[in-house]
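Morning, everyone. I'd like to walk you through one model today.

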Amino acid sequence: MTRKLAAGNWKMNGVKASLAEAKTLADMFPTPTIDILLCPPATLVTAMADVLTGTKVSVGGQDCHMNTSGAHTGDVSAQMLVDAGADYVILGHSERRADHGETDAIVAAKTVAALEAGLTAIVCVGETLAQREAGETLDVIRAQLAGSLPDGIDLSRLVVAYEPVWAIGTGKVPTLEQIGEVHDDMRATLTARFGGGADTVPLLYGGSVKPSNAAEIFATSNVDGALVGGASLKAADFSGIVSALQ
Ligand code: PEP
């Protein structure tokens, strides 16, 4: 059975006072039937993990370095995230790929580092609007999966997120047919490469998910949850998405 996951990506938002939202969310779901995750900025990982101790909401980082330590000013390692209380890390988000020049090879190296440290990796893929309009979507996603996922990966600690770049933070959402087409193709691509174990890898959709559109997205083929940006910042919004999934 594939786990269902509602994951929030706070991006570069949130200060200590924002942790009250995380606590409110956790209090709303004391016995969830799905996995719930919040990924705050690195400055808040430790404090959020403390606030959420004893609850059913997990904490994750938004990126990690491929090395365990060393001269990499401004970066955090996967081991540091674990030490801070994280169980997950988002890797290869399109904002990292665009803002920091992260290639598929870099994402694959980070994925290896994350799994070696004991984290579950949420590896993100997604096409640009130009690529979709050129009819290249499935080729782009297949190539990103091929390059971003290392051989021999522990599938039990892998999550894949399909996030069309043009849908992130824009209010634009692909049709349910478009989402289903990509998710079905991702499942087939993973199974062809890794075998039957790929059936249980959660496939998340991300891009302008809101309480109002979550249920129909979650009813779409091979959608096992969501990676949510803007609507994860407030418990009042994110709880609607969690409720739609469980
Ligand atoms: C994201 O950042 O992963 C994302 C999907 O953002 P939003 O939900 O705001 O579109």
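Predicted model: local features only at pLDDT ≥ 70, side-chain atom pairs only at ≥ 80, totals over all residues.

Let's start at strand 1. Leu5, Ala7 and Asn9 point one way, Ala6 and Gly8 point the other way, and all are buried.

Who are the partners of strand 1? Asn9 stands opposite Cys39 in strand 2. Strand 1 also pairs with strand 8, again in the parallel sense, over 4 bridges. There, Ala7 stands opposite Leu227.

Now step back. How many strands close into the barrel? There are 8, in the order 1-2-3-4-5-6-7-8, and the pairing is parallel. From one strand to the next, the twist averages 25 degrees.

A reminder on what pairing means. Strands of a sheet pair through backbone hydrogen bonds, either parallel or antiparallel.

Next, strand 8. Both of its faces are covered. Gly225 and Leu227 sit on one side, Ala226 and Val228 on the other, and all are buried. Its pairing with strand 7 (residues 203-206) is parallel too, over 3 bridges. The bridge partner of Leu204 in strand 8 is Gly225.

On to the nonpolar core. The largest one has 72 residues. Which of them touch the most other members? Ala7, Val89, Ile122, Val123, Ala226 and Ile241 do. Helix 10 (residues 235-245) gives the most to this core, with 6 residues.

Look at helix 10 itself. Its buried residues are Ala235, Phe238, Ile241, Val242, Ala244 and Leu245. What covers them? The cover includes strand 1, helix 1, strand 2, helix 9 (211-218) and strand 8 (225-228).

Take helix 1 from that list. Packed helices are described by the angle between their axes and the distance between the axes. For helix 1 (residues 19-28) and helix 10, the angle is about 35 degrees and the axes are 9 Å apart. The crossing of helix 1 and helix 10 is right-handed. Glu21, Thr24, Leu25 and Met28 in helix 1 meet Ala235, Phe238 and Ser239 in helix 10.

Now to another part of the barrel. Strand 5 (residues 120-125) and strand 6 (residues 158-162) run parallel, joined by 5 bridges. Cys124 has Ala161 as its bridge partner in strand 6.

Val123 is worth a look. Leaving out residues up to four places away in sequence, Val123 touches Leu91, Gly92, Val107, Thr111, Ser148, Leu149, Leu158 and Val160.

Helix 7 (residues 137-148) lies across strand 5 and strand 6. It runs at about 145 degrees to strand 5. How do helix 7 and helix 8 meet? The axes of helix 7 and helix 8 (residues 176-194) come within 10 Å and cross at roughly 40 degrees. Helix 7 supplies Thr137, Leu138, Ile141, Arg142 and Leu145 to the contact, and helix 8 supplies Val182, Asp185, Met186, Thr189 and Leu190. This crossing is right-handed.

**Helix 5**

Helix 5 has a simple length check. It has 14 residues (residues 104-117), so at 1.5 Å a residue it should span 20 Å. Its end C-alpha atoms are 20 Å apart, which agrees.

Which residues of helix 5 are buried? They are Val107, Ala108, Lys110, Thr111, Ala113, Ala114 and Leu115. Note the lysine, Lys110, in that list. The cover over these buried residues includes helix 3 (78-84), strand 4 (88-91), strand 5 and helix 7. After helix 5 comes Gly118, with a positive phi near 100 degrees.

Last stop, Thr55. It is found in the loop between helix 2 (45-51) and strand 3 (57-61). Why does Thr55 count as partly exposed? Because it has 16 C-beta neighbours inside 10 Å, and a buried residue needs 20 or more. Thr55 and Pro30 are 25 residues apart in sequence, yet 6.7 Å apart in space, C-alpha to C-alpha.

Notes. Residues numbered from 1 in each chain as written. Pairing = 2+ DSSP bridges. Helix = DSSP H or I, 4+ residues; strand = E, 2+ residues; numbered from the N terminus. Axes fitted to C-alpha atoms, helices over the stretch in contact; angles between N-to-C directions. Contact = placed C-beta atoms within 7 Å. Core = buried A, V, L, I, M, F, W, Y, C linked by C-beta atoms within 7 Å. Buried ≥ 20, exposed ≤ 12 C-beta atoms within 10 Å, placed from the backbone. Expected span 1.5 Å × (residues − 1). Left-handed = near helix turned anticlockwise from the far one by under 90°.
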